[in-house]
Amino acid sequence: MKNSKQAFEPMPLDSASTNELLHLHARALIASNIAERQTEVVRKAFNYLTASENHKVVYIADEVGLGKTYIALGIAMLLRHFSQEKTMHRDLVLVPKANLQRKWADAAKSFVQNNYRGNRTDIAPLFDVELNRERLQTLLPDAAMTIFRMTSFSSLAAKSSRRARLPLLERLKEQVGPDKWALQILDKAWTGHLFENERARDLLCLAAYLLNALSGRVNTLIVDEAHNYRHGIDSSFRNLATACFLGVHRHEAVLKAFPELEKRLHFPLADKTICLSATPKDRDLWEIARQLDCLTAKHPLAGVSDPDEFRQRLKSFLIRGNLTYDINGQSVSRHECRSEHRQGHVDKNKSAEWLDVPNDFMGAFWQLIQYQSIKHLRAKGNTTFEMGMLAGFETYHLDAQKIHAAGNMPATDRDEDDTDTQKEYEQTATREIRESEDRQVIETLVRDFQKKFGEPPHPKQTPLTHELGKQMFEQQEKSLVFVRRVHTATELSGRLLREYERRVAEDLRRFFEKTDTKPRFPREFWRFASDKLTDLLKEFEMKDVREEVMAFFRDGKLLEKIKAAHGFGWFERRELEGQLDFCFFAFKNNETVQDEVKRLRERKKWHINEDFWKALREVGKSWQMKRIENPDADDDSEGGDELESAYFFNDYFRKGRPGKFFRNKMYRKKSSGEQLFSLPDDPQTNDNGFLSRLLHETCAIEFARWKARESYCPEDWQMLSEILKGIFRNGTGLLPAFLADSAKSGAFADNLLLLLRADAPFAHVAEEVRTILLDFDLLMSVNFGQQTPGSIHKYFRMLSPVVSRTGMTGADRSIVAAQFRMPGFPYVLVATDIFREGEDLHTYCQNVYHYGIAWNPSDMEQRTGRIDRINSLSHRKLIAENSGGNCPVNQVQVFYPYLRQSVEVNQVTKLFGHINRFIETFNEIELTLKRESQVALDVPVSEGDILPLLTPVRPKRGYFEVEDFIDFSHVSEKL
């Protein structure tokens, strides 16, 4: 790899020349004015970076939703295009999370295909993006673009004993490969005791320097979410390793001990740097300088101490724009298009009542927890608590269960903070606080309550569960729910799923209502009251029993409790019989279990011999381990290895379950029998199969528009076919398809089309198909742009009405995000701050619930920004109705659920003040803000203290708009 800097052709670009090379309005999926602004930012930033060798860095600080990723790719593409050695040009991208690595890889490929108008032959290598998912390593010489995860920088060295560091030495030797020079340096470091615990920082810098020396130069460095470096070089191992690897920090102790390093190091590694962040600073202006200290050498803010000079220099390389919507010819700010529900309620009705603590025994229990928590804090000398750090505001469950077994999750799927699987919080305001401040109180009170009364309901979770259950079932609305505690995500999603399942089961039972008074469904629907539906509902009734039994395999406690009860006084006899029925079904291949269950059913006294317990335990362990080790082994159907789903009305059709026969029929090849879901090769042909009739009859208008699209190509028909099959095999269409196949009369296609009729129980499935047809280009852009028809089946695995994701598992977050960007399942995504950055979730969601709040208003804005973006569902609704931004039903709905009679009011009051101040000073990034994360216990709060969203809410025009940025295409002399 050539290590010399690449020269650029002296060609400052005007607007016309830029538009000849870049087309950011591809497929017309964003407004033309937004695309024009993006192009102008790209042009001016490129001209700035190439106007002088001293111009090393540009900072794009646009508000969330303005397309910073594509702006950065546009700048990088122009730098590559005008490079005199295009095939040798290399880009390096730093991102904070694994899901962002995949997002950038897809975006880069899409940009080359759809937005770059130059000669693609010169940049073909960009299609082979290198993702470094594990540890920091040398840059591959033939990779046009490499994407590193920021957290990989902290993996270079860990604080441990010298003996434990021997594997680190071997790994580093393996990393540097056959390079004798690097191997000699590592041996010298070992003999020189650099691997001792107290030399951790020196070892870290040495390793980073070695990888720098072996990498070769980078032409363009892109740093996404650059604010993550705001605390500077010395604040963390990650920041220090980054600065050393990029060659922007001199660690004199290492350079003195290893003088042979100096001549091989690249100071700096990257020639040009593009920083991206919607929140470039949190509290003060100097945070931007500290970021640049970690990322680039000789930046304009280095050594500046005067605030006025700092601001002027900042204006020379930073561009910041506001997200505004063009609605009915009027420019409307994003905050004018939001409905913020600050009265604590969970529904959209402006006159909705506050969330109050129930005036009953359960309410008294909540008040007792709060009283004891305050008492506990005061006993420790505290009159304040950390915002968002009282667990009782979210859940009573404090068992930070291991969500994955140690070692089961590949290191390539972990983030830096994923190593501790027992953490309560993924992110806290200070590193010293890692667990809930009321943990001890809740552990004691809840344990005592459970002994006498069972599981205590939570006064905030209950109304939220009911409201979201109604929205999912009745309106099929999507909602994004943010929590703080890791365990809350699991508990809340479980409650929401049970609520939705309960509503579905109640609706299915109505098929059996054949009275002449007011039946739920007309007579023609009675054909669906079949024996197979009866069996399905019976199996659902046993769901809770089955979950109790399966809990035995998770914690080994349930059957021990039963055994110790001596006669099962702990259970109702009916519940026990349900347990036995499940054991009989689940372990039908084990004769010992079968014989013992039969015997127990016949006996009047409930005594279980040891053989039963032993057999049940062994079979259960074997069964559970099989699913842990090979979760895909359940499904041998065509179309992919589906992952296990917790949703009952999908799980019922898995291998070993009663509905598996129907799933086999769905995947059956034409040659071996009827195929329920198939489409002809030609979209013009109606072969009278279900999917053909659905498109040509039920969705005829939308299908005609789909075929008449300007962007139509033959592959679209294959993509549409796979999407529709996924819906009916795994999504919202699975249950009505089963009913249609199980009906006592009628052909399958006739039955299913009847169930999808406008006045039928599953009309929403047909509406989902219509939406897919109308929004097909949008879906291809946000989800499937880099996919082939044969690869998109992965997006339809494990479809469920409710999903949850935290940073504590190795599950693929990008798949869940893609599913959420589709109409249909999932309706609710419960997430920690792992989804605060990077993923766009806006296509069909306009409700965000901050169930657990973050203390930082910029973090709250990042959260809401996941669904408040250009071309969001809300944005499209507002444009379609030409109603301006003030139509409440079409606005982004932002909820802050909290209990009025609690000190939770104190923390949201402070948060609302922070948010208002954040909005008011949004463009004044040079202003120093003092925000406290501590909340006072003793300050009384009234309803009048709950601050509404600021009015007027339109931010002031900032100092860093692209219009004010110097246009170096008009500068005659190079600086």
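The model is predicted: local features need pLDDT of at least 70, side-chain atom pairs count only at pLDDT 80 or more, and totals for chains, interfaces and linings use all residues. Residues are numbered from 1 along each chain as its sequence is written, and side-chain values use heavy atoms, with hydrogens and water left out.

**Sheet and packing helix**
- An open sheet is formed by six strands with parallel pairing, in the order β10-β16-β15-β12-β14-β13; strands (E, at least two residues) and helices (H or I, at least four) are DSSP runs numbered from the N terminus, and two strands pair if DSSP finds at least two bridges between them.
- Its edge strands, each pairing on one side only, are β10 (338-341) and β13 (802-805).
- On average, neighbouring strands of this sheet are turned by 15 degrees against each other, direction ignored; axes are lines fitted to C-alpha atoms, for helices over the stretch in contact, with angles from 0 to 180 degrees between N-to-C directions.
- Strand β13 runs parallel to β14 (residues 828-831) and is joined to it by four bridges, with Arg805 opposite Ala831 in β14.
- Helix α31 (residues 813-820) packs on the sheet and touches β12 (478-482), β13, β14 and β15 (845-850); contact means heavy atoms within 4.5 Å.
- The direction of α31 makes about 145 degrees with that of β12.

**Covered helix α32**
- Eight of the eight residues of helix α32 (residues 857-864) are buried, where buried means under 20% relative accessible area, exposed over 50% and partly exposed in between (1.4 Å probe, protein chains only).

**Salt bridges**
- The whole structure holds 51 salt bridges, each a side-chain nitrogen of Lys or Arg within 4 Å of a carboxyl oxygen of Asp or Glu.
- Arg709 forms a salt bridge with Asp716 at 2.7 Å; Arg709 is buried at 14% relative accessibility, and Asp716 is buried at 8%.
- Arg709 also meets Asp777 in a salt bridge (3.2 Å, N to O).
- That pair links distant parts of the chain, 68 residues apart: Arg709 lies in the loop between α25 (700-707) and α26 (714-730), and Asp777 in helix α30 (residues 776-784).
- Arg250 and Glu252 meet at 3.0 Å, N to O; Arg250 is partly exposed at 39%, as is Glu252 at 47%.

**Cysteines**
- There are zero disulfides, a disulfide being a pair of cysteine sulfur atoms within 2.5 Å.
- The sulfur of Cys244 is too far for a bond because the closest cysteine sulfur, in Cys205, is 3.4 Å away.
- Cys244 is buried at 0% relative accessibility, and Cys337 is buried at 1%.
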